[in-house]
Amino acid sequence: MIKRNKTLLVNIDWWIVIIYIFMIFFGYMNLCSVSYEKAEKQLIWIIFSFIFIFIVFLFKPIHYKYFSPLFFLFTLFLLIGVFFFGKNINGSKSWYVFGPISFQPSELSKISTSLMIARIMSQENIQKNKNTLLYIFIIVILPTLFIFFQPDPGTSIVFSSFILTLYREGLSVIFIFYLLFLVFLFVLSLNISPCILVFFLFFIFILILFLKKKTINDLLFSIFFFIIFSTFVFVSPFFYKKLLKKHHRDRINILFKNEFDKKYRENIGYNLLYSKTAIGSGKFFGKGYQKGTITKGKFVPEQHTDYIFCTVGEEWGFIGSFIIIIFYLWFISRIYFLSERQKDIFGRIFGYSVGNIFFIHIILNLGMVMGLFPTIGIVFPFFSYGGSSIWSFTVLLFIFIRLDSSDQTNLI
């Protein structure tokens, strides 16, 4: 047993562990600038994170593979239960509250969904068995819908990262194109008449027919997608108004407006205005640690969570922000590298899911604080305040590190 543990420790990729510790430490430092009270609580969550790392290494890789269906069902029950027993915080019923401790089950579902996808895809070849796509779709869409209806649209978008995992495993790039095209149509449908958009779709449909010869099956397939896209254009504005709450709609609408305008700067544009101001005021070298005037003045709402990167931009400037982004790119590329060298398919697929979840969190959060993406509650990994997020990111990462360390010695 002792020899086995020593072997595991030797085979741990310590580079990725060092980056993790650096991110945790630097994130904690920045949180101290925003709020000492929040930082004290965050320190408790960080200590618990190290305890969870120890627990993760108690389990063998085979346990994660074979118990993933039970874990997935457990998280689905938690997501359903939050509608009945959860507490409404900031307009979303996404939390279980037990005294001073609050827990967000959607964070846990990222782990369980990653494990479940890895289990199914390690048993079935996506290129040979097309039914696998249907199973994967059901596994991804169930937690996504439950989270979206809480409503927590930000976390639900994170589940789109699994498409990148499927692409690595053989999914045609055309499916990614369809998804991006649907997002494009959704944005247009909020600002352009659906009739005009359907005419635009019909024009594209006719153009494709003239440019490329098609069989009857291809023609029927094109007609099917034309109907799907046209229906989507008409129903998008309805769902946008009925399912999303006003503050969610406001955060999307401000992207099409000028937050510096007097009409918006004191209401829906307030967050974005001061977020950009804080980042821009840091200039090249920053104002210095704990010398950020906008941070100290608490002008940016939720700066300890979604907008924590404003503190980095203001106090550490362009140089500090650039270094953090480089470290994260190194961190994610390291995960991809370790995933690619896995002998076990389960470990490879899970690793890519982990990397993609981190990737989409970072891209969307940076886009959010800079006004390139609406404010939808996407946290910055290891920097944003919160026990649920730092625990889920830590467990997600170290399950993969556990799989990787065993994969090098073929220990099950």
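Residues are numbered from 1 along each chain as its sequence is written, and side-chain values use heavy atoms, with hydrogens and water left out. Because the model is predicted, local features need pLDDT of at least 70 and side-chain atom pairs count only at pLDDT 80 or more, while totals for chains, interfaces and linings use all residues.

The chain has 19 helices and three strands, these being DSSP runs numbered from the N terminus (helices H or I, at least four residues; strands E, at least two). Of the 412 residues in the chain, 48% are buried, where buried means under 20% relative accessible area, exposed over 50% and partly exposed in between (1.4 Å probe, protein chains only). The accessible surface of the chain comes to about 20700 Å², and 72% of this area belongs to carbon and sulfur atoms; accessible areas come from the Shrake-Rupley method with a 1.4 Å probe, and for residues only the protein chains shown count as cover. Among contacts with a separation of 6 or more, 72% are between residues 24 or more positions apart, a contact being heavy atoms within 4.5 Å.

Side chains of opposite charge can pair when their charged atoms come close. Seven salt bridges are found in a search of the whole structure, a salt bridge being a side-chain nitrogen of Lys or Arg within 4 Å of a carboxyl oxygen of Asp or Glu. One of these joins D13 and R334, with an N to O distance of 2.5 Å. D13 lies in the loop between α1 (2–11) and α2 (14–34), whereas R334 lies in helix α17 (residues 309–340), so the pair ties together parts that are 321 residues apart in sequence. D13 counts as buried, at 7% relative accessibility. A salt bridge of 3.0 Å, N to O, is formed by the side chains of E107 and K110, which are three residues apart in helix α6 (residues 105–123) and thus separated by about one helical turn; both E107 and K110 are buried. In the salt bridge between R341 and D404, the closest N and O atoms are 3.0 Å apart. This pair links distant parts of the chain, 63 residues apart, with R341 in the loop between α17 and α18 (345–369) and D404 in helix α19 (residues 387–407). R341 is partly exposed at 33% relative accessibility, whereas D404 is buried with a relative accessible area of 1%.

A nonpolar surface patch of about 840 Å² is made by L43, I44, I47, F48, I51, F54, I55, L58 and F59. Patches are made of residues with over 30% relative accessible area and no salt bridge, like charges being joined within 9 Å and nonpolar side chains (Val, Leu, Ile, Met, Phe, Trp, Tyr) within 5 Å. Leaving aside neighbours within four places in sequence, Y28 is in contact with A39, L43 and I46. Y28 itself is in helix α2 and is partly exposed at 22% relative accessibility.

The axes of helix α15 (residues 270–281) and α17 come within 6 Å and cross at roughly 30°, where axes are lines fitted to C-alpha atoms, for helices over the stretch in contact, and angles run from 0 to 180 degrees between N-to-C directions. The two helices α15 and α17 are therefore roughly parallel to each other, since angles under 35 degrees count as roughly parallel, over 145 as roughly antiparallel, 65 to 115 as roughly perpendicular and the rest as oblique. In this packing, S275, A278, I279 and S281 in α15 meet C310, G313 and E314 in α17.
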